[in-house]
Amino acid sequence: MRDSLPSGDELLAAQANQPEPPRRVQILLVEDDPDYVLVLRHLLDRTAMEYAVTMAYQVAEIGTRPMPAKPQVALVDQTLPDGTAADAIARIEATWPGLPV
């Protein structure tokens, strides 16, 4: 019977043997059409991944809405009420350099 607490090395070894919790993919979705939003969410739901979507309905909203974490990928509509996909991509790159779009 052991009377002491586990050592730091023992705790680290126990943590290393634990499976890593699934990662939640952070997605920035730039889309103004509610029908496309529903289609994209349906497609995402069919995958095994966990995800969180932050919406931007126009170029001006990119980077202004609270997000649970930095996005890992952005999905962008071709035409938006206040600009084009190129405008949206430029804003995304200025806000999160190197973010896959």
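## A walk from the cavity to the strands

The residues lining the largest cavity divide into six nonpolar, three polar and two charged; here Ala, Val, Leu, Ile, Met, Phe, Trp, Tyr, Cys and Pro count as nonpolar, Asp, Glu, Lys and Arg as charged, and the others, Gly among them, as polar. Before going on, please keep in mind that this is a predicted model, in which local features need pLDDT of at least 70, side-chain atom pairs count only at pLDDT 80 or more, and totals for chains, interfaces and linings use all residues. Residues are numbered from 1 along each chain as its sequence is written, and side-chain values use heavy atoms, with hydrogens and water left out.

Back to the cavity. A cavity is a set of points, on a 1 Å grid over the protein atoms alone, where a 1.4 Å probe fits but cannot get out, and its lining residues have an atom within 4 Å of a point. The structure holds one cavity of 30 Å³ or more. The volume of the largest cavity is about 30 Å³, taken as the space filled by probe spheres set on the points, with grid points joined across faces, edges and corners. Among its lining residues you will find Leu28, Thr54, Glu61, Arg65 and Trp96. Strand β2 contributes the most to this lining, with three residues.

That brings us to the strands. Helices (H or I, at least four residues) and strands (E, at least two) are DSSP runs, numbered from the N terminus. Strand β1 (residues 24-30) pairs with β2 (residues 50-56) in the parallel sense over seven bridges, where pairing requires that DSSP finds at least two bridges between two strands. In this pair, Val25 stands opposite Tyr51 of β2. β1 also pairs in the parallel sense with strand β3 (residues 73-76), over four bridges, and there Val30 faces Val76 of β3.

How enclosed is β1? Five of its seven residues are buried, so β1 is largely enclosed by the rest of the structure. Buried means under 20% relative accessible area, exposed over 50%, and partly exposed in between (1.4 Å probe, protein chains only). Take Gln26, which sits in β1: Gln26 is buried, with a relative accessible area of 8%. Leaving aside residues up to four places away in sequence, Gln26 touches Ala52, Pro68, Ala69, Lys70, Pro71, Gln72 and Val73, a contact being heavy atoms within 4.5 Å.

For a contrasting stop, look at Ile89 in helix α3 (residues 85-95). Ile89 is partly exposed, with a relative accessible area of 28%.

Key: On a 1 Å grid over the protein atoms alone, a cavity is a set of points where a 1.4 Å probe fits but cannot get out, and a pocket is an open set with protein on both sides within 12 Å along at least five of seven lines; lining residues have an atom within 4 Å of a point.
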